[in-house]
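Reader: I have a structure to go through and I'm new to this. Can we take it piece by piece?

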Amino acid sequence: MHSALSLDHPAGQRVRRTATFLREHPVLSASLVPIILTIIIALIAPLLPVTDPNRANLSVRYLPPLSEAYILGKDRLGNDVVHPESNPEFFPSSVVERYEPPIRKHYVLGADSLGRDIVSRLIWGSRVSLMIGIFANVAVVLISVFFGLLAGYLGGRVDGVIMRLVDIGLAFPGLLLALLILTVLGPSVINMAVAVILSSVPLNIRFFRGQVLTVRNAKYVEAARLLGYNNLRIMFREVLPNVMPLIITVTALNATSFFIFTAGFSLIGMGLQPPDPDWGTIMSDGLRALYEQPAVILGPTILISVLAICFNVLGDEVQKILSPRESQL
Amino acid sequence: MSRYIARRLLSIIPLLIAVSLVVFAMSKALPGDPVEIFLQQADIANPELVNAMKDKYGLNDPLPVQYWTWLSLMFQGDMGESIRRGEAVSDLLFRGMRNTFSVATASVLLVIVVGWTMGVLSAVVHNRSWPQVITRFLAQVPVLMLSIPGFAVAVFMVLIFGISLGWLPTSGVSNPRAGADDLIDLGKHLILPTIGLALASVGGNWRLARNTMIEVLREDYIRMAHAKGLPLWRVYFLHGLRTTLVPLLTSAGLLFGSLLTGSFILEYIFAWPGIGLLLVESTVNRDVPVVMGATIMIASMYIFLNLAVDILYAIVDPRVRYA
């Protein structure tokens, strides 16, 4: 009965409760699997036995998937000289230290326009894609909850000023504002994150303000006011906890769009700058080689689609659990 | 009603001014002088020439004067000249808009024809005791369509229909060998961008139509229509769909607005010379007059489209007018 005993510990109980929860929501659990897998791979990328994602080698340019190449030796700079042939007669002049026999190297998804291993680029690229998604999400929620609370709870002039600014932001549809910001700041990862954050904050502020308005005149808020608590305390101790489930829902729903935005911006060359990999830049590299080697673009596109579907399903499921009323729409 | 419309029309004037101010401020915040960048790329280093060009484009005036000149010229339809291409911005915008308009119209048509029809059909199937597999399938397909990003769909379609099968062209609006007004050629070029743009919205409208129709089909007037012996398509599409038309029309209207504006990633993939591609290229080249003109035009169109949707709402639902 040792295992049963250990499950009575608080930690064991939490594990058991999580397991039950996951079993009761199979769709949610299924959508979590690829997401968690990607996060783990992104975290342990430096430990994985893959080559440097930026190591170019033009002799294996556009190597098809599932093929192998041979590391013939080292060149003067100490870099591996990779070549698709293992012909013993073949011996490029750049090789100073020759391996006998040459070492086999597998290119599971082939190589890109500069002969870089696509698998290692995908693995390292997952870090950027996920990091920006998480960072942008946290920032957007913090900013919009704060201003949503201010506008919704204080009302009056504060509300007027914040909402007029929000209106201006909302006059730029979709990613137009982000594009405008990127024009000013210039393309880079951080600027892309800033652009995505600033362009999605207005909509989120409006949403949270609406939610705050619905609880603003609740009896418990009135009671807190009668007790003489100051506005800050009421906003963060009384109102905030009551819009908390919505914050989680919105975070889950935002995850999809941030993930797609970052990939899309890198794809059109406004995000991460080459040679550093993220899934969007790998796609953009593949887009230039559609006829020569369509396999380059296939990997990142499939990964992006699968993760986008999972994020979307996750968002839907979280919404169904936490705020069933809104999910009817 | 006319008072409501007048009030709403007045309310967008400060918004339009604010938008123009934001765009102007951003264009001034750009690092690097556009004239110098242009001359650098042309390999000319000549301070006098820089100054002369700045004078020509009015870049030496104080900021409020520059703003006022820009705004008043824009009201006369003159948005300046592209620094990069030497063409009038309004010409570039017009050409881009025409291409974007054709693909946006095709997408909205696709959404209405496929999305709404499939939505009604899956609601009908849901309300009958058909096998679970079919019902589930018809409910999950739109969710799948919604979830895959448009550019991923675009890439898959290009690989399958453009490259493997070679059925359809994958970039541009027309084949150079075809005539300028060869409609069949244009239609062929339209197919892939249209599907790429519309797929997510087809899914969205499919789901929306399905969810609302499931309720509607249980109403008494539907039973009445059945009892009268009307043909099924009339019951479902004329009596049933009609009552759910308001949310559907709204979503189609807003979709049209966002398609006119927010499709630059897809236009980039298909090399579709629309407003989005123009915007991306001008952003990369820092062609400020084009970016300003395009942004102003897109934002004001979007503001007016939203207004139109609001007014439509007010016409349909009188309660909105007094809110």
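Author: One term to begin with: helices (H or I, at least four residues) and strands (E, at least two) are DSSP runs, numbered from the N terminus. This is a predicted model, in which local features need pLDDT of at least 70, side-chain atom pairs count only at pLDDT 80 or more, and totals for chains, interfaces and linings use all residues. Residues are numbered from 1 along each chain as its sequence is written, while chains are lettered from A and ligands numbered from 1 in the order in which they are written.

Reader: ok, how many helices and strands does chain B have?

Author: Chain B has 14 helices and zero strands. Its pattern along the sequence is α-α-α-α-α-α-α-α-α-α-α-α-α-α. The C-alpha trace of chain B spans about 85 × 60 × 35 Å along its principal axes.

Reader: and what percentage of chain B counts as buried?

Author: Of its 323 residues, 34% count as buried. A residue is buried if 20 or more other C-beta atoms lie within 10 Å of its own, exposed if 12 or fewer, and partly exposed in between, with C-beta atoms placed from the backbone.

Reader: where is Ser2(B), and is it buried or exposed?

Author: Ser2(B) is in helix 1 (residues 2-29) of chain B. It counts as exposed because it has 6 C-beta neighbours inside 10 Å. Ser2(B) and Ile311(B) are 309 residues apart in sequence, and their C-alpha atoms are 10.0 Å apart in space.

Reader: new topic. which residues touch the most others in the largest nonpolar core?

Author: Val196(A), Ala154(B), Ala294(B) and Ala299(B) do, in a core of 144 residues. Helix 4 (residues 118-154) of chain A gives the most to this core, 14 residues. A nonpolar core here is a set of buried Ala, Val, Leu, Ile, Met, Phe, Trp, Tyr and Cys residues joined through C-beta atoms within 7 Å.

Reader: what is Ala299(B) in contact with?

Author: Leaving aside neighbours within four places in sequence, Ala299(B) is in contact with Ala171(A), Phe172(A), Leu176(A) and Val19(B). Contact is counted when the C-beta atoms of two residues, placed from the backbone, lie within 7 Å.

Reader: how many residues of each chain are in contact with the other?

Author: 31 residues of chain A are in contact with 39 residues of chain B. On the chain A side, helix 5, helix 6, helix 9 (231-267) and helix 11 (295-322) each supply at least two residues. Helix 11 of chain A has the largest share of that side, eight residues. By class, the chain A side has 22 nonpolar, eight polar and one charged residues. In that count Ala, Val, Leu, Ile, Met, Phe, Trp, Tyr, Cys and Pro are nonpolar, Asp, Glu, Lys and Arg are charged, and the others, Gly among them, are polar.

Reader: how much of helix 6 of chain A is buried?

Author: Eight of the ten residues of helix 6 (residues 176-185) of chain A are buried. Among them are Leu176(A), Ile181(A) and Thr183(A). Just after this helix, Gly186(A) takes a positive phi of about 85 degrees.

Reader: which residue other than glycine has a positive phi?

Author: Leu66(A) is one of them, with phi near 60 degrees. Leu66(A) is in the loop between helix 3 (26-43) and strand 1 (67-74) of chain A. Ala271(B) also has a positive value, near 50 degrees, and lies in the loop between helix 12 (264-269) and helix 13 (275-285) of chain B.

Reader: why does Ala271(B) count as exposed?

Author: Because it has 12 C-beta neighbours inside 10 Å.

Reader: last one, at what angle do helix 9 and helix 11 of chain A pack?

Author: About 165 degrees, with their axes 8 Å apart. Axes are lines fitted to C-alpha atoms, for helices over the stretch in contact, and angles run from 0 to 180 degrees between N-to-C directions. Helix 9 and helix 11 of chain A are therefore roughly antiparallel to each other. Angles under 35 degrees count as roughly parallel, over 145 as roughly antiparallel, 65 to 115 as roughly perpendicular and the rest as oblique.
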